[in-house]
Amino acid sequence: MNQTAAETQSHAGAFTPAAFAAHLATQPAAPSWWLERKRAAHGRFLDLPMPRRTDESWRFSNIAGLGLDSRESGAQAPRKARPAPALAATAALAFIDNRLERRGRLSPELARRGVVVTSLAEAAITHGEMLREHFMAQAQRLGSAKFAALHASFVGDGAFIHVPRGVELSEPIVIVHTGSGSPLFPHTLVVAAENSRVTVVDMFLPPGGGGALPLAVGANDLYAAHGASIAYAAVQDWPRETLSFQLNSTVVRRDARVQSLNVHLGARQARHESLSQLQAPGAFSEMLAVTAADGSQEFDQRTLQVHQAPNTKSDLLYKNALQDGARTIFSGLIIVDPDAQKTDAYQSNRNLMLSDDAEANSLPGLEIQANDVRCTHGATTSRIDPEQEFYLRSRGIDATRTSQLLVFGFFEEVLNRLENEDVHAALREMISAKFRDRG
Amino acid sequence: MSDEPQTIALGPTAADNPAAGIDQSSGNFSYDMKYEFDAGSGLNERTVEYISSVKKEAAWLREFRLNALKTFQAKPLPTHWATRDLENINFDKIRYYLSSGQKPKRTWDEVPEDIKRTFERLGIPEQERKFLAGVEAQFDSEAAYSNIKETVAKQGVIFVNSTEALREHPEIFRKWFGKVIPTSDNKFSALNSAVFSGGSFIYVPPGIKVSHPLQAYFRINAENFGQFERTLIIVDEGSEVTYMEGCTAPKFSTATLHSAVVELVALKGAKIQYITVQNWANNVFNLVTKRGLAHEEAEIKWIDCNIGSRLTMKYPGVVLKGRKSRGEVLSIALANDGQHQDTGAKMVHAADETSSNIIAKSISVGQGRSTYRGVVHIPRHLKGCKNNTECDALLINTNSRTDTYPAITVRGDRHAVQHEASVSKVSEEQIFYMKQRGLTEGQAMSLSVNGFINDLARQFPMEYSVELKRLIDLEMEGSVG
């Protein structure tokens, strides 16, 4: 390495070796293997270059908006999140500034059956093996290896959920993250053992007093063992100046099923990467997203569906509604490995344009190396149906309300795929709030 | 198979109707040639100056070439998105200019015997008599023959090669030369701009509908050769023309490079249909840049059929510059063992109420790989633009490969854009049905594959679609059993 100090600086932003040493000092209880991993991750972070304009995986992205210079902000906002819709929960965890602040306990019955809902810091001590096996264990294939390494090196705490064999949880586990100005590194790790069933909701909320939150680099790992079922929903509602990353990795084993739904509302620039690996016959991954983009927001979504075994299924539906000068990028790829016959893969991106200044980019891709498959994708970009608009307007509904109703109708196809009614209602309420804020 | 359909293509029938020279085996021959003009192997300023001086070019054109050479040398290979197979092109080993003279003959009788027999074997003179308004036959770097029917010439239609066009008619051609595809568009357009030779320059005056197609035939004869033809077609207001090109090369043991630049200009209300049937031997790198500029209410249609070559990278495009202009790409690609057909389309909407349509069908056989790559771009503050894209891939064997990489950018809320793609294999039920009725599995497979491309093939001129069907029969033969 003969990089100059200035180059290293620009690659590392505020996350220099000194900042990393200070971070490690806040983790006195962590086991040595965990610290070792963090050191390795920080090394990778320093070595990897920032994305460049010519990188295919960053095509159309606003590279200039990716600065990592955000330091701890001086003015601390009140240490609480803006209130979110209440949800009946099996268990709940609330993180503020990367630290576990509150927890809603599991019932003694579930605890006795072996369900674990705890923080990563505790799990590193109590469930080291499981954490070692699944935490950020999959290769980053969608372009954000540098930011994934940053996350792994600075992650302070996060949620660890383990549902043992055969246990089915009827109500969701709810996790809330917020902050008061420092960079956030939220993490959620779900390990669902054989034939278990769980619903997990992640909420990324703005600080209660409307404080700043410059950077959030979040990640989640979902692992569904043989016959397990995970329903995961995330709502990203960071403040408008936030640079946000959400890096998802999903592993689906034999006859297991994972549904993940991401609602994108907040942030200045939000990059979401989602990787689903269908590793054994019968695996099914359903990948869903709705994005309400307005102002000058940029939502950059990259997905990869990898069919590694015969008889696997994936179904992706990403919908974006764009107002004002917002930009969206959807770049999806379905890979069917050689011999993954009888794959059934679907990928669909729908963009609804509500403004003459908005911009939607679609890159729906396929790489197919087996012939007995059913793979289709579609991408459409269009405006509101003028007949539907006329119908509502002729019934005395004003223009703003009309477009809101039609956007909700557009999103509902995705939200309807949620099985849990309460989660559905909560997500809808948070989307409504964004529209209300527009006035 | 008992009924040996092979004889269909190898026998005299192939010579009867080699419209596009589409049957690969019939193009696989070469003759020893003594070239009068040879720029040697490798590429530097001297190569470019040699070509320019042999052609007695004007100073501006020589400058143009030398600048292009600098651009070519400065640009990296596009391997950050394209296949690394490009790295196997050895630019130092290629021969950039080979010819036996710069002036094409006007009658076949004047064409030197050894060149004439090549084209006779490919059936070009016969075809010309039957249904063409004009023919140009290029042998390595230069056209050996070029002729246009008197009636068409009398209408004021110009159909000449690039050297003659830029020397004799600069007032017509210089205005658009290099304007649709700038030198720096990509590494291979820069290479072509530096060393181009041959190709067709066509001008159709206002209000003329050329009734029969004009055709060019491109033949590579020499080993280690690079063919860099340059085509520019300008169709004036309200006029129409159909242009067809075919190509073949013998199969040498070393790689051959073909890198063309084709520019089309359709002025107000003009229509251009450009048909390519590419059947290079499968050691040819075929890296071609094709783009049309459509003015108000003009229409440009690319019909692009890729059967041969080792690697083809070609994405015909239309810049929809005028209101209500229309662009279309119909593409068929067939990739067999050792072939990669990386093809697609590019539609740039630059005016209100423009529409574009892309239909791409690919067939991958054996270890063949076909790729669709596309761009659809609708910039800010336009209204009423429409695009429809459909990509269908058919995979014949278990490990055949197909990829789809479209990129669609839409700005504003007054457009409608849709893209659909599907991947499938030949339906077992269809095959079963046909076998029950006495067809062999190979015949059933051919029929099914022909059915897959039928709605596109129907839009080809008859001679081409018949030949295409026959070729598919041939290619499908070894794929089953």
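## Basis of the model

Residues are numbered from 1 along each chain as its sequence is written, and chains are lettered from A, with ligands numbered from 1, in the order in which they are written. In this predicted model, local features need pLDDT of at least 70 and side-chain atom pairs count only at pLDDT 80 or more, while totals for chains, interfaces and linings use all residues.

The confidence score pLDDT is the predictor's confidence in each residue, from 0 to 100. Chain A averages 93. In chain A, 96% of the residues score at least 70. Residues 1–9 of chain A are another matter: pLDDT stays under 50 there. For that stretch the model has 2 contacts beyond four places in sequence. A contact here means that the C-beta atoms of two residues, placed from the backbone, lie within 7 Å.

## Chain A overall

Chain A has 10 helices and 19 strands. Both kinds of element are DSSP runs numbered from the N terminus: helices are H or I with at least four residues, strands are E with at least two. The C-alpha atoms fill a box of roughly 65 × 50 × 50 Å along the principal axes.

Buried residues make up 51% of the 439 residues in chain A. Buried means 20 or more other C-beta atoms within 10 Å of the residue's own, exposed means 12 or fewer, and partly exposed lies in between, with C-beta atoms placed from the backbone. Among contacts in chain A between residues at least 6 apart in sequence, 83% join residues at least 24 apart.

Most residues other than glycine have a negative phi. Asp339(A) is not a glycine, yet its phi is about 75°. Lys342(A), also not a glycine, has a phi of about 60°.

Their surroundings are as follows. Asp339(A) is exposed, with 12 other C-beta atoms within 10 Å. Lys342(A) is partly exposed, with 15 other C-beta atoms within 10 Å.

## The A–B interface

Across the interface, 32 residues of chain A are in contact with 33 residues of chain B. On the side of chain A that touches chain B, strands E18 (359–368) and E19 (374–383) each supply at least two residues. E18(A) gives the most, with 10 residues. That side of chain A divides into 13 nonpolar, 13 polar and 6 charged residues. Ala, Val, Leu, Ile, Met, Phe, Trp, Tyr, Cys and Pro count as nonpolar, Asp, Glu, Lys and Arg as charged, and the others, Gly among them, as polar.

Strand pairing crosses between the chains. E19(A) runs antiparallel to strand E24 (residues 416–425) of chain B, and 7 bridges join them. Two strands pair if DSSP finds at least two bridges between them. The bridge partner of His377(A) in E24(B) is Ala421(B).

## Chain B and its domains

Chain B comes to 13 helices and 24 strands. Its radius of gyration is 22 Å, close to the 23 Å that the globule rule gives for 481 residues, so chain B is as compact as a globular protein of that length. The C-alpha atoms of chain B fill a box of roughly 70 × 60 × 45 Å along the principal axes. Buried residues make up 56% of the 481 residues.

Chain B is assigned domain 1 (1–21 + 440–481) and domain 2 (22–439), with bounds from an automatic or database domain assignment. The C-alpha centres of the two domains of chain B lie 23 Å apart. Their contact takes 30 residues from domain 1 and 36 residues from domain 2. On the domain 1 side, the elements giving two or more residues are helices H1 (6–10), H2 (12–16), H12 (441–457) and H13 (462–477) of chain B. H12(B) has the largest share, 10 residues. That side divides into 20 nonpolar, 6 polar and 4 charged residues.

## A covered helix in chain B

Helix H10 (residues 187–195) of chain B is mostly covered, with 8 of its 9 residues buried. Among them are Phe188(B), Leu191(B) and Val195(B). The cover over the buried residues of H10(B) includes helices H3 (45–54) and H4 (59–74), and strands E9 (230–235), E12 (261–266) and E14 (284–294), of chain B.

Technical notes: Rg over C-alpha atoms; globule rule 2.2 N^0.38 Å.
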